[in-house]
Amino acid sequence: MLYVVLFFLIFSLYLYVVLGGADYGAGIVELFSSEENQKITKKTIYRVMGPVWEANHIWIIILIVILWIAFPAYYNIIVVHLHIPLTIILLGVTLRGVAFVFRHYDAVIDNSQKLYDSMFKVSSLVTPIFLGMVFGALISGEILIVDDVGTLTFYEAFIEPWLNIFSVLVGLFFAALCAFLSSVLLIGESEKEVSKIYIRKASIATVVVFIVGLVTFVYGYIFEYVFVRDFLENNFAIAFMLLSGILLLPLRITIRKGRRVLSRFFAGLQVFLILLAALISHFPDIIITETSSISLLDNIAPDSVIRVLGISLIIGGAVILPGLFHLLKSFKMIKILEQ
């Protein structure tokens with residue numbers, strides 16, 4: 001059952017990056033648009049995201065629950081040492097949800113609409129940056145694990161692990177990836193003339209993702225980060241990244257031609273390859289501290305707990321996944337054989 005739990009853990013992570021990432025990216029695309037294009041994007045976002053925006057974020061809840069129940073030692077390290085960026089993420093998600101609802105349903109048209117728009121756009125950028133920074137903190141080697149946290153200064157224990165250049169670069173990379181995913185999604189949700197806006201933005205976002213990713217790796221290599229070193233020494237990770245690079249060509253072609261299905265397929269495949277390369281290079285030692293690496297499989301829950309959790313995830317998946325597919329298909333988020 002442990003393999004079932006691990007599958008759902010990674011599967012939830014992937015779906016949250018793709019669906020939740022595209023959701024965040026919509027606000028980023030709107031933020032970095034002209035005033036005229038912001039109005040167009042705002043209407044498109046509401047039409048596309050309105051029915052499904054809450055469903056896009058159930059995956060992070062599943063992810064947290066799995067970590068909490070099955071891998072309590074890992075969960076404890078994350079919520080203790082990274083409670084500040086996690087709190088900012090929680091505030092960002094809350095403010096973003098409030099702004100998304102009120103900027104469409106507030107009956108009074110006044111300056112508050114500008115406030116809601118600003119809240120939505122800024123929180124859509126800040127939240128994924130801090131999500132990326134959390135992952136960056138886990139692999140940066142800056143976390144200090146000691147028997148008594150009181151022996152560390154507040155900065156050493158709770159600030160330094162995530163507030164460093166490497167973690168910030170990872171955060172910017174994830175934000176750029178969100179903008180890329182959203183731009184690709186919006187291509188297929190717009191009329192031909194409007195879709196040109198998102199074709200251009202998707203092309204720009206692709207370049208930004210590549211540049212920020214390259215800068216992150218170069219920085220990590222120069223300053224000898226363990227994760228980057230191990231990544232570059234892993235043949236499978238290198239192979240997946242090379243394949244990702246090769247697929248940039250058909251991705252850019254499908255984006256330029258406005259191919260709805262193929263562009264989404266290649267975008268999702270890019271995310272899959274990036275995540276797979278990152279995980280395979282250091283799995284299961286996802287947390288890298290200043291002195292060692294901590295395995296996800298150390299100090300896991302008892303077999304009885306893992307068994308019950310695995311069965312619950314199988315049953316829940318059998319109920320949730322068909323319903324989610326039907327929801328996305330009903331609102332034409334999934335386009336089958338449509339060009």
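## Two positive phi angles in loops

N299 lies in the loop between β2 (293-294) and α14 (303-330). The model is predicted. In it, N299 has a phi near 55 degrees, a positive value in a residue other than glycine. The relative accessible area of N299 is 63%. The cut-off for exposed is over 50%, so N299 counts as exposed.

E224 sits in the loop between α9 and α10. Its phi is positive too, at about 55 degrees, although E224 is not a glycine. Buried or exposed, how does E224 count? E224 is exposed, at 68% relative accessibility.

## A cis peptide bond

Which peptide bond is cis, with omega near 5 degrees? The bond from F283 to P284 is. P284 belongs to the loop between α13 and β1.

## The nonpolar cores

The largest nonpolar core has 94 residues. Within this core, F71, L177 and F180 touch the most other members. Helix α8 supplies the largest share, 16 residues. In soluble globular proteins, nonpolar side chains tend to be buried together.

What does F71 contact beyond its neighbours within four places in sequence? The partners are L2, V5, L6 and L9, then I66, and then L296, L297 and I300.

## Helix α10 and its buried side

Helix α10 spans residues 226-233. Its buried residues are F227, V228, D230 and F231. They cover an arc of only 165 degrees around the axis, so they lie on the same side of α10.

Which elements do these buried residues pack against? Five are helices: α6 (112-140), α8 (165-187), α9 (192-222), α11 (235-246) and α13 (260-280). β1 (287-288) is also packed against them.

## Helix α12 and its two partners

Two packed helices are described by the angle between their axes and the distance between the axes. Take α9 with α12 (residues 248-256). Their axes come within 9 Å and cross at roughly 160 degrees. Angles over 145 degrees count as roughly antiparallel, so α9 is roughly antiparallel to α12. On the α9 side, the contact is made by I199, A202, S203, T206, V207 and F210. On the α12 side, it is made by L248, L251, R252, I255 and R256. The residues of this contact divide into seven nonpolar, two polar and two charged.

Now take α11 with α12. Their axes come within 4 Å and cross at roughly 30 degrees. Angles under 35 degrees count as roughly parallel, and α11 and α12 are therefore roughly parallel to each other. From α11, the contact uses S244, G245 and I246. From α12, it uses L248, L249 and P250. Four residues of this contact are nonpolar, two are polar and none is charged. L248 of α12 is named in the contact with α9 and in the contact with α11.

## Single residues in the helices

A205 is part of helix α9. It has a relative accessible area of 8%. Buried means under 20%, so A205 is buried. Not counting residues up to four places away in sequence, A205 touches A176, A179 and F180. F180 is also one of the residues that touch the most other members of the largest nonpolar core.

S118 is in helix α6. It is partly exposed, with a relative accessible area of 37%. The C-alpha atoms of S118 and A99 are separated by 8.4 Å, and the two residues are 19 apart along the chain.

V261 is in helix α13. It is partly exposed as well, with a relative accessible area of 24%. The C-alpha atom of V261 is separated by 9.5 Å from that of L185, although the two residues are 76 apart along the chain.

Notes. Residues are numbered from 1 along each chain as its sequence is written. This is a predicted model: local features need pLDDT of at least 70, side-chain atom pairs count only at pLDDT 80 or more; totals for chains, interfaces and linings use all residues. Side-chain values use heavy atoms; hydrogens and water are left out. Buried means under 20% relative accessible area, exposed over 50%, partly exposed in between (1.4 Å probe, protein chains only). The arc is that of the directions from the helix axis to the C-beta atoms. Contact means heavy atoms within 4.5 Å. Axes are lines fitted to C-alpha atoms, for helices over the stretch in contact, and angles run from 0 to 180 degrees between N-to-C directions. Angles under 35 degrees count as roughly parallel, over 145 as roughly antiparallel, 65 to 115 as roughly perpendicular and the rest as oblique. Ala, Val, Leu, Ile, Met, Phe, Trp, Tyr, Cys and Pro count as nonpolar, Asp, Glu, Lys and Arg as charged, and the others, Gly among them, as polar. A nonpolar core is a set of buried Ala, Val, Leu, Ile, Met, Phe, Trp, Tyr and Cys residues joined through side-chain atoms within 4.5 Å.
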